[in-house]
Amino acid sequence: MTEVQEQQKLHADPHDEPVREALVLGSPTLRDVTARIASIVESKITAKYLLTLMVTASMAGWGLVALGYTIFVGIGVWGLNNPVGWGWDITNFVFWIGIGHAGTLISAILYLFRQKWRTAINRSAEAMTIFAVLCAMTMVLSHTGRPWLFYWLLPYPNQMQMWVNFRSPLMWDVFAVNTYFTVSLMFWFIGLIPDLATLRNYVKSKIAKTVYGILSLGWTGSNRSWHHYEIAYMILAGISTPLVLSVHSVVSMDFTVGIMPGWHTTIFPPYFVAGAIFSGFAMVMTLLLIVREVLDLKQFITLKHLDNMNRIMLATGMMVGYAYSMEMFIAWYSGNPWEKWVFINRAFGDYAWAYWTMVTCNVVSPQVFWFKKIRRSIPVMFVISIFINIGMWFERFTIIATSLHHDFLPASWGYYSPTWVEISIFVGTFGIFLTLFLLFAKFVPVIAISEVKGILPGSQPKHGSHTEGHA
Amino acid sequence: MASSNLAGAIAEFTDVNALVHAAEKLRDAGFRKWDVHTPYPVHGLDKAMGIKRSIISYFSFVGMVGGLTTALGLQWWTGADSYKLNIGGKGFFDWQFSMPIDFELTVLGTAIFTALGLFHLCKLPTWYNKYQEDESFKKATDDTFVVTIDANDDRFSAEGTQSLLVSLGGSNVHVVESALK
């Protein structure tokens, strides 16, 4: 240990972390943090990694085959029928968009609330946001039937001099999802610049040095840059906060603006946002537990982080549970016979199995997180996070399929089940998501190096805390 | 002024409190072309260096206004002026239905202008730096605080600046030849 690092430890300000659990275990030095994260990037690609990558890439490949088949033949190869015009395509779209929400919540909202514990998990959660939104875009583009005409969704000057219909929520969705993707990507990349510069100066391989050198854009850690950087980061966090709340609200309007009983309710925007954060945290938890184990990041992603995430899942899980019961209540209280019928049908009709799977996974299972012991038990939280992932998928499926399959005209009632093509595309999106995540975990710093350094005890001056900084 | 190819003087600091103190002294000594390179943002260093408030929020504001104007203009012009289409008897343009896209484009405009503003103000990308070959300088992204004072600062003198940096607690103080030919 060098003299300075020793000094840093000695001078560690007791006010830095008042009686709180340490966010980074083992009091590493600045160099330790760099070395630990860089070692993941510098380590040799193992056979296990390649094998996992091959599995996920094959899943992605198989999904692309099914996607190609759909595009070539048409969406008639799916199980959609006359009353049920939206099936797994839109279910998966909403599912993936929802997964993305945890990333922005962690990077933006927790940043504004100065929740320092976000620093260990924000990078990977933001990456998941971007990959999940890509999967969502894949789903929604394939759902259009003729994805090569995607540009018809954009207002562009054309020979008919006609424009898109801005009164349609589907159009709002185009803008919301694209904005979300662009802003998340910029936020993520700007957060990465200092860390890429760290790797540029640290790694030995010439190719890696060049690539990180180009991507880090020549960042030197100059305080004259940090000074703009912090304000820019703050502004991006500030505008991403309403953005993350808006995206799923707009997605929910795809349903609420329609007049289908079961869709046409005002509770949808907040209900969808809570559900999105809930499912997003579950997915982050599932992957983070694996990453933490495989890359040995227990020092940075501590039980305290996992405990906090479990608390958020418990809270959002109960919001979702409240929304389920409120939907039921309003269906009865509104006195609207169609509304009432749809909800009785949802719980006891043909899709009752989907409804009760959803309730069990989303409302019942997270209740175990009331106990601290369980909030800190890795196997339990891993299983619960997978339950929540399943439950949240079923939530979207329930909302879409049950509302549609029995419409206003009993003669046209039907039942929807997916074909192998839809299932393959869904598996494929998981393949895309996991492949991108594996590549990310290997080649990009999975932990925000500069942010973790900034919260180490003794890393900030004792008398200089009048200026607010990077949490 | 020293030899023409001199980039400036470099000092390493490892204690963050000493660094802030040194920055205050350099600011008070009247240096202008100098900088501190740190692996993470250090609270209060802006003030110690005498850096004025960042103007990046003006960029964001322009982006915000631009985004909102674009959204309103686009929806009004395409719907209520260029090609009126009656869809379900809804208005050709109403602020109510324009809200989602107004909001999204406002956010998008703000984000893009903030990012571009950041790149502009930090001079990114600049894939070279006159100190880039210096070993001390490279440590600034790892575990060391590095103070650089450029040779073209009016108060710079190879001897005097180095001894000043030493007196402020800097270690491994040295002058650097510019890496740029």
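Colleague: How many salt bridges does the structure hold over all chains, and what makes a pair of side chains a salt bridge?
Modeller: There are 13 salt bridges over all chains, each being a side-chain nitrogen of Lys or Arg within 4 Å of a carboxyl oxygen of Asp or Glu. This is a predicted model, in which local features need pLDDT of at least 70, side-chain atom pairs count only at pLDDT 80 or more, and totals for chains, interfaces and linings use all residues. Residues are numbered from 1 along each chain as its sequence is written, chains are lettered from A and ligands numbered from 1 in the order in which they are written, and side-chain values use heavy atoms, with hydrogens and water left out.

Colleague: Why is the pair of A:Glu451 and A:Arg118 called a salt bridge, and which parts of chain A does this pair tie together?
Modeller: The N to O distance between A:Glu451 and A:Arg118 is 2.9 Å, which is within the cut-off, so the pair counts. A:Glu451 lies in helix 16 (residues 449-455) and A:Arg118 in the loop between helix 4 and helix 5 of chain A, so parts 333 residues apart in sequence are tied together; helices here are DSSP runs of H or I with at least four residues, strands are E runs of at least two, and both are numbered from the N terminus.

Colleague: How do you know whether A:Glu451 and A:Arg118 are buried or exposed?
Modeller: Buried means under 20% relative accessible area, exposed over 50%, and partly exposed in between (1.4 Å probe, protein chains only). A:Glu451 has 4% and A:Arg118 has 0%, so both count as buried.

Colleague: What separates B:Lys138 and B:Glu135 in helix 5 of chain B, and are these residues buried or exposed?
Modeller: They are 3 residues apart, which means about one helical turn, and their side chains meet in a salt bridge of 3.5 Å, N to O. B:Lys138, with 25%, is partly exposed, whereas B:Glu135, at 53%, counts as exposed.

Colleague: What makes A:Lys442 a residue without a salt bridge?
Modeller: The nearest side chain of opposite charge, A:Glu42, is 9.5 Å away from the buried A:Lys442, and that distance is not within the salt-bridge cut-off, so no salt bridge is counted; for charge, Lys and Arg count as positive, Asp and Glu as negative, and His and the chain ends are not counted. A polar atom of the A:Lys442 side chain does, however, lie 3.0 Å from the backbone oxygen of A:Ile40. A:Lys442 sits in helix 15 (residues 420-443) of chain A.

Colleague: Why is A:Pro83 called buried, and which residues are in contact with A:Pro83?
Modeller: A:Pro83 has a relative accessible area of 12%, so the word buried applies. Leaving aside neighbours within four places in sequence, its contacts (heavy atoms within 4.5 Å) include A:Leu404, A:Ser412 and A:Trp413. The C-alpha atoms of A:Pro83 and A:Ser412 are separated by 6.4 Å, although these residues are 329 residues apart along the chain.

Technical notes
Polar contact = N/O pair within 3.5 Å; in protein donor to acceptor, adjacent residues only side chain to side chain.
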